[in-house]
Every structure is written in C-alpha cells, then in structure tokens.
Amino acid sequence: MALLCPLARALGCTANELLNFRPELTAEEIDTLCTAARRQFEAGEKEQAAALCEERLRQYPTDLNLAFRVGFLYARYGGGEEALLKRAIVLFREAAALPDEEQRRSAWQMLARLYARQGQYQPAMEALGHLPSCNQEGMSLRAAVLRQMGRLEEAEQLERGALAAQRKALQATLLSLAETARRQGRPEEAQQLQDRAEAVEALFGQMREAPVHACCPKPAAPGQSCKV
C-alpha cells in the first residue's frame, strides 16, 4: 500500500486511476442498468429490480446521474409501493444538485409530483419554488397542488394566466407565419393564417384573465424574474 502513490506518480496517473476507481458510471452503463431494471419491473419483479438498482447506488453513492435515472424508475414503477416512492424522493433531492439546469428542473418537478401524490402539499410547493423560471409545466403543477389543497381561486388564477400566455404565443406564431407566407408569395395561405389568429382571439380573448402574472402572487419587480 505504501508503494501505491510513488508508483502512480511514476506512471503519471493518480492512485485512484491506478486502482481503476471511478466515482461515476458511464452513460452507457447507466442505460444498461436502467434497461435491465425496467424489464424486471415490467415483469412484476419489483424486489429484484430495486435490489439491482440499490446495489449500484451503494457502489456509486456520489453518482448524481445514477440517482436521477433510478429515481425516475422508482417513480414510474413504484405504484403502491410506498417505500419505493419515498426512496425516489430521496434520490431526486440528491439529483437536484446536478450541474445541468434541465436535469435540476426535472428533479424539482418530480419532487413536487411525488410530494403532492403523498399529500405533502407544503413540500410540493417548496419544490416548485426551486424552478428557475416560469414555464407551462411548472404552472400546471402548481395549479394542481393548489387545487388539492382547496385553494381554488389561486389555482384558477394560475390557469387563466397560463391560458392567456398560450393564447398570445399562439397568435404571435400564427401572425409570424402569415407574414412569412405573404413574403414568399402565398397570399391565400397568409390570409388563412391571419384568420386563424383572429379566431383564437375570438375564442379566448374575451375570457377573464388573471390580474397579475400567472406564476407570481404579485407582480415581479422591474428586472426580476418570478419563480413558479
């Protein structure tokens, strides 16, 4: 053992590399594990599938990508297994420290879903508060949790705000396509797109909209973004 460090230095590597120690699995290895576990879950072999995953988690306790992927497996196939759902929550809380923003967002969204599924509404709302920006899925999740909590007016406000945002985005896209078609010499298609944009306004424009931004309890201050 005393020769490990000198030997590693002589070979131009670290002692961990010399011992072939890796703190994380490769993406291919995680894919292979999840495929094998998924087949066991689908065959009804939940205990064997969980045992396979937990063995890898014990071997690679700091691998956040592994925790992220296994968390999704547990959430999907946990069903009535309370232990698996609780374990999924633990794994997603670990995965929320991943450096990739999209993965972090997914981890917090899954935490919100799992907490709400268990009737833990306050932790669900706190998880949603970690989302970095307003997004449709975050607003829908928040509205669903508020509904389950009996806070129907707040849920309605979020949903109306989300609908208004989607309407405006759809109208803008249709009008942009109409302008493109017009410049490309397709006036009939441009008019059809223009008519559809006006139809969207006729269908939804008269609906009562939320008085403030859909994802904020009060208007965001200038230069600030609101969180879902």
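**Exercise 1. State the accessible surface of the chain and the share that belongs to carbon and sulfur atoms.**

Solution. The accessible surface of the chain is about 13,800 Å², and 53% of this belongs to carbon and sulfur atoms. Accessible areas come from the Shrake-Rupley method with a 1.4 Å probe, and for residues only the protein chains shown count as cover. The model is predicted: local features need pLDDT of at least 70, side-chain atom pairs count only at pLDDT 80 or more, and totals for chains, interfaces and linings use all residues. Residues are numbered from 1 along each chain as its sequence is written, and side-chain values use heavy atoms, with hydrogens and water left out.

**Exercise 2. Determine how many helices and strands the chain has.**

Solution. The chain holds 11 helices and 0 strands. Helices (H or I, at least four residues) and strands (E, at least two) are DSSP runs, numbered from the N terminus.

**Exercise 3. Characterise the packing of helix 3 and helix 4.**

Solution. Step one concerns geometry. The axes of helix 3 (residues 27-42) and helix 4 (residues 46-59) come within 7 Å and cross at roughly 160 degrees; axes are lines fitted to C-alpha atoms, for helices over the stretch in contact, and angles run from 0 to 180 degrees between N-to-C directions. Helix 3 is therefore roughly antiparallel to helix 4, a class for angles over 145 degrees.

Step two concerns the contact (heavy atoms within 4.5 Å). Helix 3 contributes L33, A36, A37, Q40 and F41, while helix 4 contributes K46, Q48, A49, A50, L52, C53 and R56. These residues divide into 8 nonpolar, 2 polar and 2 charged. Here Ala, Val, Leu, Ile, Met, Phe, Trp, Tyr, Cys and Pro count as nonpolar, Asp, Glu, Lys and Arg as charged, and the others, Gly among them, as polar.

**Exercise 4. Decide whether F92 is buried or exposed, and list what F92 touches.**

Solution. F92 is found in helix 6 (residues 82-95). Its relative accessibility is 0%, so F92 counts as buried; buried means under 20% relative accessible area, exposed over 50%, and partly exposed in between (1.4 Å probe, protein chains only). Not counting residues up to four places away in sequence, F92 touches F68, G71, F72, A75, A107, M110, L111 and L114. F92 and M110 are 18 residues apart in sequence, with a C-alpha to C-alpha separation of 7.3 Å.

**Exercise 5. Describe the surroundings of E159.**

Solution. E159 lies in helix 10 (residues 152-183) and is partly exposed, with a relative accessible area of 37%. Leaving aside residues up to four places away in sequence, E159 touches A143 and R147.

Conventions. Angles under 35 degrees count as roughly parallel, over 145 as roughly antiparallel, 65 to 115 as roughly perpendicular and the rest as oblique.
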